Every structure is written in structure tokens, then in C-alpha cells.
Amino acid sequence: MACAAARSPADQDRFICIYPAYLNNKKTIAEGRRIPISKAVENPTATEIQDVCAAVGLNVFLEKNKMYSREWNRDLQYRGRVRVQLKQEDGSLCLVQFPSRKLF
């Protein structure tokens, strides 16, 4: 296996992961929410997150069978993980309005 420095930022396993719990205003920080409640939405799904990221112009793909480890509810509504590419193969940003994984 190659070392981490030799892998390209464009490799799909290097894309950032977004779980619906990160954006859910019904969750507490201890339950996995990562943004302020004022910017969060009610019960987002991975498909909705994928649609929004694709509409903005990001390279995105959905992993339907992945689950967030802190999610206690195993319903289909709460399944899914979205992977988003922030950097191109040469290390430059894909979109300048998203310079990092920080959402706020």
C-alpha cells in the first residue's frame, strides 16, 4: 500500500465524508451534529445531501449502505454517507467557495 503522501486528493477514498447526522438540527453535538443549529436542517437524508452538493457543482457520490457510528436508529432513512471531492488531482480546489471541510 502506498503511503498517504503519495495518494492523490482526487482518489475517491480521499474525498471528505458527510453523514446526515452532521447536519441534523434534531441531534445534539454529542449525538454527532457538527454545525450550529441555526445552519442545520431537520432530518436530512444522504440523497438530499448528494443532490444539493451536485447542484452546487461538486463531484459527489453516495454510499447507501454506510451508517454513522453514533446513529442508534438503523432505519433506511438514517443510512447513507456522501463523499465529496474538495481538491483536484494537482491539489488545487475544485470550487473556491469551499476551501476546506469546515462548514461555518
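This is a predicted model: local features need pLDDT of at least 70, side-chain atom pairs count only at pLDDT 80 or more; totals for chains, interfaces and linings use all residues.
**Confidence.** I checked the pLDDT first. The protein chain averages 86. I noted that 92% of the residues score at least 70. I then went through the elements of the protein chain. Helix α1, residues 46-56, has the highest mean pLDDT, at 95. The lowest mean among the elements belongs to β1, at 93.

**Strand pairing.** I looked up what pairs with β3. Strand β1, residues 16-18, runs antiparallel to β3, and three bridges join the two. Strand β2, residues 60-63, also pairs with β3 in the antiparallel sense. I found four bridges for that pair.

Next I traced V84 of β3. V84 is the bridge partner of I16. V60 stands opposite V84 as well. I therefore have V84 noted against a residue in each of two strands, since strands count as paired once DSSP finds at least two bridges between them.

**Side chains of β3.** Which way do the residues of strand β3, 81-84, point? I see R81 and R83 pointing one way, and V82 and V84 pointing the other way. I checked burial too, and all four residues are buried.

**N73.** I looked for N73 and found it in the loop between β2 and β3. Is N73 buried or exposed? Its relative accessible area is 14%. The cut-off for buried is under 20%, so N73 is buried. I then listed its contacts, leaving aside neighbours within four places in sequence. N73 is in contact with M67 and Y78.

Notes: Residues are numbered from 1 along each chain as its sequence is written. Side-chain values use heavy atoms; hydrogens and water are left out. Buried means under 20% relative accessible area, exposed over 50%, partly exposed in between (1.4 Å probe, protein chains only). pLDDT is the predictor's confidence in each residue, from 0 to 100. Contact means heavy atoms within 4.5 Å.
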